Amino acid sequence: MRLKVIACNGSPNVNGNTAYALKVVSSVLENHGIETEILQVGSALISPCSGCRACAKTGMCAITGDDLNLWIRKLEDADGIILGSPVYFAGIASPMKCFLDRAFYILSRDRKLRGKIGAAVVAVRRSGGSAAYDNLMRYLSYSEMLIATGSYWTIIHGRDPGEAREDIEGNDSLTILAENMVWALRIREEAFPVHPCPDTPQRRIMSFIR
Ligand SMILES: Cc1cc2nc3c(=O)[nH]c(=O)nc-3n(C[C@H](O)[C@H](O)[C@H](O)COP(=O)(O)O)c2cc1C
């Protein structure tokens with residue numbers, strides 16, 4: 001079966017700079033025979049997490065009216081995930097945060113993403129790129145994913161849609177990330193039958209109050 005990567009675009013701009021960055025990475029993956037799909041998260045009306053924790057019992061989000069439960073299944077079935085967001089006030093865009101809080105709370109709880117290959121890209125006009133990048137990385141690392149990286153933390157610069165195309169070094173970073181991601185996916189594919197995820201002790205949840 002073909003390897004598959006899901007790329008999540010957290011920008012409301014379907015053809016903006018984040019979309020461009022994800023397409024640069026996806027096209028390299030496709031050239032290597034890896035299937036890609038972009039989830040257009042940023043222009044969907046996604047409710048924030050209500051904190052009800054019903055998902056702990058059902059494995060699904062209790063909030064209806066958006067595509068989150070459908071998208072969760074896609075992430076669960078993928079071999080790799082790329083998170084992409086524009087930088088808004090030195091952080092990630094709000095629809096992306098709503099999506100990630102709900103999706104990763106569910107998926108990481110049951111360790112559904114453990115050992116998959118993760119990557120992050122951000123689009124920024126000027127400043128705040130690494131804060132947003134770090135923010136995306138925290139979802140991947142919390143979920144025990146294996147991280148693919150480019151150089152200079154895959155932050156691409158541009159304001160209006162299409163401007164990111166002119167950021168030469170940013171484009172090179174994205175290509176490096178894409179090739180490294182292909183490499184990691186291939187290593188994972190070959191190695192996992194021999195070296196599956198290790199057994200680990202049960203994590204003991206502690207809230208510092210008892
Ligand atoms: C609400 C809002 C907040 C923004 N905040 C920042 C910021 O903190 N730093 C920055 O350099 N650019 C900021 N920008 C510019 C975007 O990050 C930039 O235009 C980016 O390329 C947009 O990506 P997109 O085309 O994928 O939507 C902001 C844009 C908007 C609309």
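I began with Ser127: one of its backbone N or O atoms is 2.7 Å from a nitrogen atom of the ligand. I count such a pair as a polar contact when the N or O atoms are within 3.5 Å. The model is predicted, so local features need pLDDT of at least 70 and side-chain atom pairs pLDDT 80 or more, while totals for chains, interfaces and linings use all residues. Residues are numbered from 1 along each chain, and side-chain values use heavy atoms, without hydrogens and water.

I looked up two further contacts. The side chain of Ser11 has an N or O atom 2.6 Å from an oxygen atom of the ligand. A polar backbone atom of Asn17 is 2.8 Å from an oxygen atom of the ligand.

I then checked cover. On its own the ligand has 650 Å² of accessible area (Shrake-Rupley method, 1.4 Å probe), and the protein covers 75% of this.

Next came the shell. I found 17 residues around the ligand, each with a heavy atom within 4 Å. Ser11, Thr18, Val87, Arg126 and Ser127 come nearest.

I noted which elements give two or more residues to this shell: helix H1 (17–31), strand S3 (80–88) and strand S5 (117–124). Helices here are DSSP runs (H or I) of at least four residues, and strands (E) of at least two. S3 gives the most, with three residues.

Last, I read the whole chain. The protein chain has six helices and seven strands. Their order along the sequence is β-α-β-α-α-β-β-α-β-α-β-β-α. I put the C-alpha atoms in a box of roughly 50 × 40 × 35 Å along the principal axes.

Notes. A polar contact is a pair of N or O atoms within 3.5 Å; within protein, one must be able to donate a hydrogen and the other to accept it, and residues adjacent in sequence count only if both atoms are side-chain atoms.
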